[in-house]
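This report describes selected features of the structure shown below, beginning with the contact between two chains and ending with the overall dimensions of one of them.

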Amino acid sequence: MLDGDPRLSLLLALADDELVLGHRHAEWTGWAPHIEEDLAFSSIAQDEMAHARLLYGLAQPLVGLGEDSVAFGRRPVDYLNAWLCERPNGDWAYTLARQYLYDTADAVRLEALASSAWAELAELVKVMQLEEKYHLDHGRAWFRRLAEGPVTARQKFADGLAATVGEAVALFEPLPGEERLLADGVMPRTSEDLLAQWLEALGQDLEAVSLDFVLEHHGPGTGEMVPTSSGEIAGGEGDLGVPGVVRRDGRWVHDGGFTGGGGRRGRHSEDFVPLWEEMTGLYRAHPGAKW
Amino acid sequence: MVSRVDELEHGALERRVWEALAEVHDPEIPPCSITDLGIVERIEATDEAIEVDLLPTFAGCPALDVIRQDAEAAVARVAGPGRLVTLRFVYSPPWTSDRITEQGREQLRHYGVTPPQQGAGQVFIPLASLERAEGTADCPFCGSHDTLLESAFGPTLCRATLFCRACRNPFEAFKPKEPARP
């Protein structure tokens with residue numbers, strides 16, 4: 001599916017992130033801890049799915065499929081979302097940590113793509129930015145609330161950040177065909193460059209509330225095998241820091257591999273197929289259905 | 001932003017299309033016509049065809065399909081049998097809440113939804129149940145400025161929920177949507 005135009009991998013990476021995370025956010029509908037948050041997550045989900053739809057619409061001529069078919073008619077290996085987006089919601093703190101990390105990262109890449117040489121994409125990105133602003137503010141408000149909140153809230157939020165931050169870094173995993181996207185000006189900046197910008201700002205946010213330890217010390221050691229950007233598998237030992245994230249000259253920088261890498265090439269975690277089955281179930285049961 | 005009817009290049013027919021569209025309402029904001037919401041971006045009418053470009057308020061607005069159907073029907077009545085009617089949603093320029101007309105703002109207020117402030121670099125912090133941002137919108141019932149934003153999210157994508165401390169009523173406000181100001 002991705003052998004042709006590299007713009008397709010860019011569109012699918014962006015759109016699949018929004019669709020899949022939107023699907024997870026929507027799972028809070030009816031279940032969030034209070035009514036305002038029920039509405040907030042339902043609304044954010046609605047926005048994210050709408051943004052995915054805009055991008056799938058742009059992908060239509062490249063892929064030769066209709067909007068719904070692009071969204072729901074692909075095999076799991078054809079989805080290019082990052083693992084971060086497909087993980088189950090976990091607890092409320094995990095959900096908020098992920099929403100904060102995702103939307104701060106999304107803001108960085110949208111800011112860059114707003115000046116893409118691909119005019120149609122830049123137009124859609126500008127529309128998305130006006131709506132994403134509310135997601136970003138929501139994530140930031142909860143960040144302050146929990147990070148500066150009571151001990152239990154702060155601890156749970158720190159646990160949520162530690163569990164998600166490694167895979168959030170992989171939102172910036174280089175895209176297939178990125179060299180061509182850069183040469184054509186479709187991507188004004190490299191993924192690595194965007195990651196550097198996001199990571200530095202994240203490090204400052206975390207240091208301001210003394211939660212930067214989540215970057216140093218990222219959960220108990222699991223000994224899991226960790227794929228790196230070069231495709232090598234590195235064995236984890238003992239406590240894993242966030243792989244490839246180090247502090248250098250007073251700044252947090254990326255220097256190496258990715259936890260949960262591979263999403264941009266269609267490799268997914270064990271959590272993706274169950275999500276895909278539910279998300280595409282109606283479409284697969286009733287091909288061509290309209291609603 | 002004022003009504004765009006003055007900017008239309010070809011008089012009579014385009015004016016009639018505009019007037020037909022002024023009868024179409026957003027089902028999620030019933031008091032306002034789509035012309036007052038600033039959704040109608042372009043009308044072009046010739047002897048053969050009528051083209052209309054609309055700007056979605058929010059990309060995920062579930063009312064878009066209804067608006068399109070109603071607008072198509074309204075334009076078709078003006079067009080007569082001989083003209084091809086093409087109606088599409090476009091995303092450039094992005095719709096902003098500054099496009100709502102004065103009349104639209106008055107209708108919103110009357111309906112009980114505070115219109116968005118225009119242009120003043122409005123500070124609008126969501127989730128004021130956490131932040132307690134004050135004075136973000138006047139109460140549409142008593143006019144008080146002593147209000148609290150409860151949440152940037154509400155019953156539709158384009159509305160926020162607030163509380164008036166003067167008359168003790170919860171109320172809604174149309175969410176400002178505009179580029180960040182430096």
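Two residues are taken to be in contact if their C-beta atoms, placed from the backbone, lie within 7 Å. The model is a predicted one, in which local features need pLDDT of at least 70 and side-chain atom pairs count only at pLDDT 80 or more, while totals for chains, interfaces and linings use all residues. Residues are numbered from 1 along each chain as its sequence is written, and chains are lettered from A and ligands numbered from 1 in the order in which they are written.

**Interface between the chains**

On this criterion, 20 residues of chain B are in contact with 21 residues of chain A. Helices (H or I, at least four residues) and strands (E, at least two) are DSSP runs, numbered from the N terminus. At least two residues of the side of chain B that touches chain A come from each of α4 (128–131) and β7 (147–151) of chain B. The largest share, three residues, is that of α4(B). By class, this side of chain B comprises twelve nonpolar, five polar and three charged residues; Ala, Val, Leu, Ile, Met, Phe, Trp, Tyr, Cys and Pro count as nonpolar, Asp, Glu, Lys and Arg as charged, and the others, Gly among them, as polar.

Ala59(B) lies in the loop between β4 and α2 of chain B. Leaving aside neighbours within four places in sequence, Ala59(B) is in contact with Asp47(A), Ala50(A), His51(A), Leu54(A), Val127(A) and Glu131(A). Ala59(B) counts as buried because it has 25 C-beta neighbours inside 10 Å; the term requires 20 or more other C-beta atoms within 10 Å of the residue's own, with C-beta atoms placed from the backbone. The C-alpha atoms of Ala59(B) and Phe89(B), 30 residues apart along the chain, are separated by 10.0 Å.

**Sheet and helices of chain B**

Strands pair if DSSP finds at least two bridges between them. In chain B, an open sheet of three strands has the order β3-β4-β5, with mixed pairing. β3 (40–45) and β5 (84–89) of chain B are edge strands with a single partner strand each, so one side of each has no neighbour in the sheet. From one strand to the next, the twist averages 10°. Strand β4 (residues 49–54) of chain B runs parallel to β5(B), and six bridges join the two. Val52(B) stands opposite Leu87(B) of β5(B).

Axes are lines fitted to C-alpha atoms, for helices over the stretch in contact, and angles run from 0 to 180 degrees between N-to-C directions.

| Helix | Strands | Angle |
|---|---|---|
| α1(B), residues 11–21 | touches β3 and β4 of chain B | about 140° with β3(B) |
| α2(B), residues 64–79 | lies across β4 and β5 of chain B | about 155° to β5(B) |

The axes of α1(B) and α2(B) come within 9 Å and cross at roughly 145°. Arg16(B), Val17(B), Ala20(B) and Leu21(B) of α1(B) make the contact with Ala71(B), Ala74(B), Val75(B), Arg77(B) and Val78(B) of α2(B). By class, seven of these residues are nonpolar, none polar and two charged.

**Dimensions of chain A**

Chain A contains eleven helices and four strands. Along the principal axes, the C-alpha atoms of chain A fill a box of roughly 50 × 45 × 35 Å. Of the 291 residues of chain A, 45% count as buried.

Methods:
A residue is buried if 20 or more other C-beta atoms lie within 10 Å of its own, exposed if 12 or fewer, and partly exposed in between; C-beta atoms are placed from the backbone.
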